Structure formats: C-alpha cells, structure tokens
Amino acid sequence: MAGIGIDGARLWDSLMAMAEIGATPGGGSGRLALTDLDRQARDLFVDWCEAAGCQVRIDRMGNIFARRAGTDDTLPPVMTGSHLDTQPLGGRFDGVYGVLAGLEVVRALNDAGVATRAPLDVVVWTDEEGARFKAGIMGSGVFAGLQDLEAALANPDGDGRTMGQELERIGYAGTAPLGTPVAAFLEAHIEQGPRLEAEGKTIGVVLGGQGQRCFRVTVTGAEGHAGTLPMDRRRDALLGAARMIDAVNLVAFRHQPQPVITVGRLEVRPNSPNTVPGQAVFTIDSRHPDDHALAVVAEDLRGVCARVAADAGLDLDIEATTERGAVAFDGELVADLRAAAERLGLAQRDIYSGAGHDACNLVGVAPTAMIFVPCEGGISHNEAENAKPEDLAAGCEVLLQVLVARAGVAG
Ligand SMILES: [Zn+2]
C-alpha cells in the first residue's frame, strides 16, 4: 500500500477542533447525547465528510454513516467509527478518536487518489456513553438488532424527554434502514486503561470484551442493642458483609489471569449508630474475558460468602442480577491488525477491553475488531484524558491498512 499515508497533524487538528464543541474548563469536552452540543459536533462531522466527497445518510436511531464510494457499490461497506457523545466531564478522545481516525482514512485515500472496490463507511453511533439516557451503547445496539428501536426511542432522560423527541429536535431522526449488511467493522479507541503506556506499546490488538456477572448479596442477622447485647450473642449482618467483601476481593487474586471484582454498594439496616445491624445488602460486579473462567469465579464468590455466613450464623441470599457474555472479536481481522502493526514497525500487544464499546455490539453483524492506542495514565471519562499525537497517528495508520485491505484496491 505504498503511497497512502495518513496525516497525523490533520488528525490531531481535527480532534482539537471537535474538542472545542462543549469544551470544559478542565480541558476536556462535555457533549451529552442528543443535546445542542451533540448536534454541533454531528454537524461539523457531516460538513467535514461532505467536503471529503462522502455521501451522508442517517438512520432512525440517528446513527450517521458517511460513505466514500467504492468502484462496486453493490458490495457491502467496510465500516469504521465510534461515537461523538461524551460523559458530562469527558475527555477529548474517547469515541471521538475512532470517528475522526475514520475520517482521516477517507482524507488520506482522497489525497492518494486511491479507489477501493467496496465502499467505506465512517459511522457515528448514537449515545454510546449512556450518561444522559441511562442505557448506553444504544445506536449500535439497535442497528445490530440487539435492542428494540421503539423502546430505545421511548427511552427518557432525567427530564422526561425521549431519545426520539430529541433526535427530531436536533434534526437527526433519519430514515436510512437499520441493520444493513456490513463487510467488516473496525473501531479505533484509546485504551482507557494503563497497560499500553506502562509497557511502552503503541498498538493494542483487542481480542474481545469481558463478560460480566453481577450479584446482589443480602446478609441477614438480627438487630440488637449496642450496649446490652453481649458480643458472643450477636448476629451482626454488617460484620458478616465486611468479612465477605474482603473474601470476595481475595477471590480476584486467586484466579489467573486475574478477573476484576468490585463491591461498589453497601446498604445497612437499620443504619443506626447504636443498633447492631440486622441486615446488610451489597453488590458484586465480576468481569473476565473468558465465560468459563467467569463461571468458576462466580462459584468461588458464592462459596466464600457462604462460608462466612455459616461461621457467623447469618442468613445469606445471593441473587444474580446481570449476566453478559464475553465478546470475542474476529480471528482473521485480529491477525490482519497484528500483521499491519508488524509491517509498520509498531510495538504491539494483544489486549482485552475492560469497557463496553460499540464494536462489541457489531460482532453479530460482521467480522469485527478494535485497535487500542495508549492514553496518559490510563485516565478516561475525565477532563484530563490525554493521548499522544504520534500514538493516535500510528493507530490510524493501522486502521487505514486493514480497512483498505478489506475493501480492496481497485484497478
Ligand atoms: Zn468510547
């Protein structure tokens, strides 16, 4: 693919220009989905794409598809993209990078005068962040048939305005069909974790996303007077929960490769300083890239809680609240990404995504994979989110190579 190369400075300038829409005092961006700021970001993207010769279409979820035509437009498109919405105090790169890296590929192909056989679509998925409408990864989920369109459009924000109403209001309630065929989907994204930077690697070839199992654990003892009930007669539910939480944390370290396990909520009844707690309810969030390993972890979690409960004479109820399977990306695309990084002389490693992404929704639609690039300190969902221009350019170069190989060079 001699003669085609991305322009890293142009990519950076586009990122910085987009970051000005909803710029926050701390140097980040705040563009909640389907707000006026989201509309401005969408409008800017559409303007840029049309200036680059793309045809823009919008579907009923407000997903934007900018198409660079191929020489055979009967072929399904090779697709790349991500999201432009952010957290309320978000960064300049999460999502935006994947969208603008796709645009940079289009611009680079234009500069080089290269035509591809299959068309190339750069997509902006609606409401990835879930910060306003409380669901998240919505646009790609509806496109992939994983979520119902009407239910998604009826989804209200905190003020009772629905996604459907807000799409109409900002002018992005389109008519393009959902679920159309896609030849392959690639998403470039900052890692949002510390691994690549810590190991001095430029490219993370993402093998898939973690499965997730969540539980609500209810520990029941008996309330009693803090002054009169002797220690050896107590059934202290909070003490039991505390021992369980410690044991749950240790489970993570017993399993290799290590799952991530979090207890993030604890409720105590009656929550009074001078009553022995009669009930404690806490949550467990466990994640691992392998479903079988996660199932083994779940059994271990149940076991350690049961042992503590038995020792302390407490009743225990563990309810499974969420179960999401791990996502495996396409083996051939993953191999193509590794080979492209190798050819470009970029330090790389295989990696799993700790966060959910639009690409995770696309695996049932098309061969799908992701490219990660380092971000400073692994910090994300934060105004301080930062990435190096040269790393962003390198990830975009890998993206270009694999997209063009998939779309095929014409002539
Ligand atoms: Zn993102």
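This is a predicted model: local features need pLDDT of at least 70, side-chain atom pairs count only at pLDDT 80 or more; totals for chains, interfaces and linings use all residues.
Two packed helices are described by the angle between their axes and the distance between the axes. Helix α1 (residues 8–19) is involved in two of the contacts considered here, one with helix α12 and one with helix α2. The axes of α1 and α12 approach within 9 Å and cross at roughly 110 degrees. Angles from 65 to 115 degrees count as roughly perpendicular, so α1 and α12 are described as roughly perpendicular to each other. Their crossing is right-handed. On the α1 side, the contact is made by Gly-8, Leu-11, Trp-12 and Leu-15, and on the α12 side by Pro-389, Leu-392, Ala-393 and Cys-396. By class, seven of these residues are nonpolar, one is polar and none is charged.

The packing of α1 against α2 (residues 36–51) has another geometry, with an angle of about 150 degrees and axes 10 Å apart. Because angles over 145 degrees count as roughly antiparallel, α1 and α2 are placed in that class. Ser-14, Ala-17 and Met-18 of α1 meet Ala-41, Leu-44, Phe-45 and Trp-48 of α2. This contact comprises six nonpolar residues, one polar residue and no charged residues.

Helix α12 (residues 389–407) also packs with helix α10 (residues 331–343), their axes coming within 9 Å and crossing at roughly 130 degrees. The angle makes α10 oblique to α12. The crossing of α10 and α12 is right-handed. From α10, the residues in contact are Glu-332, Leu-333, Asp-336, Leu-337, Ala-340, Ala-341 and Arg-343; from α12, they are Val-398, Gln-401, Val-402 and Arg-406. The classes represented are six nonpolar, one polar and four charged residues.

The loop between β16 (368–373) and α12 contains Asn-386. Setting aside residues up to four places away in sequence, Asn-386 touches Arg-92, Phe-93, Cys-375 and Glu-376. Between Asn-386 and Asp-232 there are 154 residues of separation in sequence and 54 Å in space, taken from C-alpha to C-alpha.

Ser-82 belongs to strand β3 (residues 78–82). Its relative accessibility is 0%, and Ser-82 therefore counts as buried, the cut-off being under 20%. The side chain of Ser-82 forms a polar contact of 2.6 Å with the side chain of Glu-187. It also reaches the backbone oxygen of Gly-95, at 3.5 Å. With residues up to four places away in sequence left out, the residues touched by Ser-82 include Gly-98, Val-99, Trp-125, His-189 and Asp-358.

The bond from Gln-256 to Pro-257 has an omega near -10 degrees, and Pro-257 is located in the loop between α8 (237–254) and β9 (260–262). For the cis bond joining Arg-269 and Pro-270, omega is about 5 degrees. Pro-270 is part of the loop between β10 (266–269) and β11 (275–276).

Positive phi values are found at Ile-137 and Gln-192, neither of which is a glycine. Phi is near 50 degrees for Ile-137, which is in the loop between β4 (120–124) and α4 (138–143). For Gln-192, phi is about 65 degrees, and this residue occupies the loop between β5 (184–190) and α7 (195–199).

Definitions and conventions:
Residues are numbered from 1 along each chain as its sequence is written. Side-chain values use heavy atoms; hydrogens and water are left out. Axes are lines fitted to C-alpha atoms, for helices over the stretch in contact, and angles run from 0 to 180 degrees between N-to-C directions. Helices (H or I, at least four residues) and strands (E, at least two) are DSSP runs, numbered from the N terminus. Angles under 35 degrees count as roughly parallel, over 145 as roughly antiparallel, 65 to 115 as roughly perpendicular and the rest as oblique. A crossing is left-handed if the near helix is turned anticlockwise from the far one by less than a right angle, and right-handed if clockwise. Contact means heavy atoms within 4.5 Å. Ala, Val, Leu, Ile, Met, Phe, Trp, Tyr, Cys and Pro count as nonpolar, Asp, Glu, Lys and Arg as charged, and the others, Gly among them, as polar. Buried means under 20% relative accessible area, exposed over 50%, partly exposed in between (1.4 Å probe, protein chains only). A polar contact is a pair of N or O atoms within 3.5 Å; within protein, one must be able to donate a hydrogen and the other to accept it, and residues adjacent in sequence count only if both atoms are side-chain atoms.
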